[in-house]
Amino acid sequence: MSPILGADPLFSDGIDTTVVLIVIVKTIIVFAILLVAVMFYVWFMRKVIADMQNRIGPQKAGPFGAFQTLADGIKLFFKEQSSPTSADPPVFKLAPYLAIIPAFLAFAIVPIGGVVTVAGHETYLQLADPGIGVLWLLMMSGIGLYGVMLAGWASGSKYPLLGSVRASAQLLSYEAALGLAIVGVLVHTGSLSTRTIVDQQAWDGVGSAFSQWYWLPAIGAFVIFCISAIAETNHPPFDLVEAEQELVGGFHTEYTGIRFAIFFLAEFMNVITMSAIAVTLFLGGPSGPALGFLSADSWVNVWVMPVFWFTLKVLVLLYATVWVRATLPRLRYDQLMSLGWKYLIELAFLWAMISAVVVVGADQGWNRWVVVPSAIFGAGIILAVLWACIPRRGESVEEIR
Amino acid sequence: MIPFLFFVAAAATLAGGLGVVLARNPVHSALFLVMTLVSVAVLFLIQDAELVAAVQVIVYASAIVVLFLFVIMLLGVDRQESMRDRIPYQRPAAIALGVILLAQLLWLAGHEWVTGQETASGVPIEGGGFGGNVERVARVLFTDYMWAFEITAVLLVIAVVGAVVLARRSGQKGEPVDDVDEAATEGVDA
C-alpha cells in the first residue's frame, strides 16, 4: 500500500486502526471540500461575471444567492432522466462516472496544509503523497477524457458525437502541452512529489515569494501551464467542446437530470483541481507568513494559516479564470489546434531547455549573468529556425513525393 | 491485503481481456482493453513499480486507447466485419501459436524469473537505495541505456514523419485513406 500513499509520516510506525481511520476521515473531508467548493465556485463565477456585465446575478436563494447552486443541484437530482433510443445504454450510464471519479481522485495529491498531529500521529494535510506526484494528475486527466469521449459516442446522436471527437482531440493535444509545462518546473524542483515541491517553496520573508516560489524562476512554464490548464478543463475561451452555436451542447446534449449534473460537477471540479495544482507547483502551496504574535506551535499557525494561504491563492487563480471566461471570445477550432501544436508545445520544450541550462549553471557555480542570457540567446536561435520553417499564410507547402 | 488486491486486479485483468475478444461492439472492446491496462497498472503498483504504473495509465490506458477510439468513431462502428478469412491458413496458425505461447507462460510461471527468487542476474540496480522509483529509472536510463533510449526516440520521430508523409500524399490524390490514422497510432505505439 505504501507506494501510492507515499512518504506521509503517518505510515512510519506501521499501520493500525487509528491510521486507517485517519485516512478514511481525510478521504471524506477531501470529498466534502470539493463538493462544497464547486457549489460556491459556481455561485462566485456567476456573481463575478454578472458584476462584469452590469447585472445582479443570482440573488434569491439564500444570502446573496449563495445557495443557488444547491437549489439547482436539488432540482437536477429530481428531474426525469431520459436517454435516446439510439443510445448505447451501458456506456451511456457509465460515462458520467468516468468523468467524475478521476476529477475527485486528482485532488488527492494537493497539499492543503502543513504537517499536523492527529491522535498522536503526525500527518500531512493532504490525502496522498505518492512518489509519482504530479504524474498522478496526468493519469487522472487521461482517464477523465473517456467520460467526455464516451458520453458523446454513446448518445447515438450527431452533435454529441461531433462534440466528443472535438473534445478528445483538444484534450489530447493540450495534455502534451500541459505535461511539457510541468517538465519546465520539475527541472527546478528535481522531484515529482507534491509535498517535496511545496517544502522547497517554504516562506522565508517577502523575497522568498519571488526567489523560492517557482512562478518567477519558471515563468515560462507557469504561463504555458495556465493556458493549457484552461484548455484541458474546457473552460472558455477553449470551450469548443460545447460550443452552443455549433453543437447544441456538445457531448452532454442528450444528458438530463443528475447525469448532466455529474458532468457539470466534474468540469468545475477540474477547474478547482487545476488551480490547486498550479498553486502547488508555482505559488508555494500552503506556504505564507505565519502570525508572528503567536508561537509557531500554536494551533492557529499549524492548522489555520497554511490552509488560509492555500485557499487565498486558489481563490486568486479561480478569479483569474472567471475573468478570462467573462472577457475572451471563443477560439476557432484551427486557432485552438495551431496554438497547442505550433506554439505551446515548442515553447514548453524551449523553456525546459533554458531551465536545464540555468539549473546546471547554478549547480556548477557559473556566473548567472552569463548563463541566463546565453541560454535565452540559444533558445532564441532555435525559435528563429523553427519560425522560418512554419509555412506562412498563402505560401504553398512543397509537395512531398 | 496485498494478496486480496492481487486477486481482484488479476481477475479484472482477465475479465477485461476476455471482454476485448468477446465483445461484439468495437467500442466496448476498447473499453475492456482500458480495464485490462488499468488493472495491470494496479498489479505494477503492488510490485512497488509506481513509475511503470503511471506510464502504463498515461501512455497506454489514456493516449493510445483514446486514439483507437478516435479511429473507431471516425470510421463508424456500424459496419459489420466479414468473418470469412482472406488467408486460409491464418486460423490454424493462430491457434498453434496461441498454444505455444500458453505453454511458454505456464513454463515461465513456475520459473525463478517470475517467482522472484535470487538468481545470478538478480543483483540490485546500480545506485540502489538512492531516491525513489523515478530517480532510479532516470539514472539508469540516462547513463547505462542512453544509446538505446536515444535510438528509440529517433525511431518514434521516423514513425511520425512517415505518418505525415503518407497522410499528405494520399490527401493530395483525393480521398484520404482510412489506414493513415491507424499508421499514426501504431507509430506512437512502437
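**Exercise 1. Count the helices and strands of chain A, then judge its overall form.**

Solution. Start with secondary structure: chain A has 14 helices and 2 strands, where helices are DSSP runs of H or I with at least four residues and strands are runs of E with at least two, numbered from the N terminus. Please keep in mind that this is a predicted model, in which local features need pLDDT of at least 70 and side-chain atom pairs count only at pLDDT 80 or more, while totals for chains, interfaces and linings use all residues. Residues are numbered from 1 along each chain as its sequence is written, and chains are lettered from A and ligands numbered from 1 in the order in which they are written.

Next, take the dimensions. The C-alpha trace of chain A spans about 65 × 65 × 50 Å along its principal axes.

Finally, look at burial: 43% of the 401 residues count as buried (20 or more other C-beta atoms within 10 Å of the residue's own, with C-beta atoms placed from the backbone).

**Exercise 2. Work out how helices α4(A) and α5(A) pack.**

Solution. First find α4(A) at residues 89-106 and α5(A) at residues 135-154; they pack at an angle of about 160°, with axes 8 Å apart. Axes are lines fitted to C-alpha atoms, for helices over the stretch in contact, and angles run from 0 to 180 degrees between N-to-C directions. The pair is therefore roughly antiparallel (angles over 145 degrees).

Now see who touches whom. Among the residues in contact are Phe92(A) and Leu98(A) of α4(A), and Met140(A) and Tyr146(A) of α5(A); contact requires C-beta atoms, placed from the backbone, within 7 Å. By class, there are 19 nonpolar, 3 polar and no charged residues (Ala, Val, Leu, Ile, Met, Phe, Trp, Tyr, Cys and Pro are nonpolar, Asp, Glu, Lys and Arg charged, and the others, Gly among them, polar).

**Exercise 3. Describe the side of chain B that touches chain A.**

Solution. Begin with the count: 25 residues of chain B contact 23 residues of chain A. Then list the helices of chain B that each supply at least two residues: α2 (26-46), α3 (50-75), α6 (133-142) and α7 (146-172). Of these, α3(B) gives the most, with 13 residues. To finish, sort this side of chain B by class: 17 nonpolar, 4 polar and 4 charged residues.

Methods. Angles under 35 degrees count as roughly parallel, over 145 as roughly antiparallel, 65 to 115 as roughly perpendicular and the rest as oblique. Two residues are in contact if their C-beta atoms, placed from the backbone, lie within 7 Å. A residue is buried if 20 or more other C-beta atoms lie within 10 Å of its own, exposed if 12 or fewer, and partly exposed in between; C-beta atoms are placed from the backbone.
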